[in-house]
Amino acid sequence: LRLAAATRSIATRSFSSTTVVASSLDRAQTKENYDYVLNKFADIRACAVLRTATSSDCPKAMTAAIDGGFKIVEFTLTTPDCLEHLADFRTKYDGDVMVGCGTIMNTDDAEAAVDAGSEFIITPVMLPDVIEWCAERNIVCVPGCQTPTELTMAYRHGAPLQKLFPGVAGGPMWVKAVSSALPFLSINPTSGVDLDNAGDFLRMGAASVGLVAPLFDPVAIADGNFDQVAKNAEKVMANVREVGPYVRKA
């Protein structure tokens with residue numbers, strides 16, 4: 001027990017040491033903004049992650065997900081005109097739906113996303129420079145990680161949530177094993193999460209989940225069947241709500 005307590009203490013010190021914010025930094029956010037984002041993730045626990053092949057499909061698909069119940073959404077930079085759509089949705093849904101940007105690969109991407117109105121930053125891989133840039137500015141960064149070591153290093157660099165990407169063998173049980181052994185982590189599985197097992201991931205210890213293709217069915221989008229996206233959203237959000245809110249660790 002003493003060893004476990006010491007491990008948590010060391011992990012906490014490592015995290016807090018990277019989150020000292022200088023208010024004079026460009027694009028710095030307030031601590032209240034930072035807490036708002038983390039509280040929203042803890043309350044809602046599911047994020048709609050969208051990438052579309054065409055610009056025109058993007059707002060239609062994301063609107064359908066929101067109509068189906070999503071309150072946290074992520075636009076990815078691989079989508080044509082991503083930042084323009086992000087800015088439009090931030091203006092339209094500000095205070096109701098929290099809007100973030102994904103596929104951030106460097107601090108220039110992060111700057112552009114924040115300038116467009118992104119409330120949080122998602123990276124597909126563990127990028128210490130981006131994590132630290134965000135941590136210094138009270139911007140929540142959720143970096144992509146594949147192993148327990150990467151998850152821990154992301155945390156130590158200042159990421160309060162850690163994205164599990166791509167999916168791992170074992171799914172929810174893998175999350176249970178890792179979050180039990182490393183209880184200071186707040187894991188956000190994305191790949192491998194579907195409409196039926198999202199609740200299972202949360203019950204096994206995930207802080208939140210991201211929904212990609214199972215929510216935004218590529219066939220439905222290609223056919224212009226955005227009602228199907230809304231129905232998918234309704235189904236998965238019902239499963240997520242059954243589990244209840246998450247207790248923040250940071």
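Tutor: Helices here are DSSP runs of H or I with at least four residues, strands are runs of E with at least two, and both are numbered from the N terminus. The model is predicted, so local features need pLDDT of at least 70 and side-chain atom pairs count only at pLDDT 80 or more, whereas totals for chains, interfaces and linings use all residues. Residues are numbered from 1 along each chain as its sequence is written, and side-chain values use heavy atoms, with hydrogens and water left out.

Student: How many salt bridges are there by this rule?

Tutor: Side chains of opposite charge can pair when their charged atoms come close. With a side-chain nitrogen of Lys or Arg required within 4 Å of a carboxyl oxygen of Asp or Glu, the count comes to 13.

Student: What separates Asp35 and Lys31 in helix H2?

Tutor: Their closest N and O atoms are 3.0 Å apart in a salt bridge, and about one helical turn separates the two because they are 4 residues apart in helix H2.

Student: Where do Arg203 and Glu242 lie?

Tutor: Arg203 and Glu242 form a salt bridge at 3.5 Å, N to O. Arg203 belongs to helix H9 (residues 198-203) and Glu242 to helix H11, so the pair ties together parts 39 residues apart in sequence. Glu242 is exposed at 60% relative accessible area, while Arg203, at 46%, is partly exposed (buried is under 20%, exposed over 50%, partly exposed in between, with a 1.4 Å probe and protein chains only).
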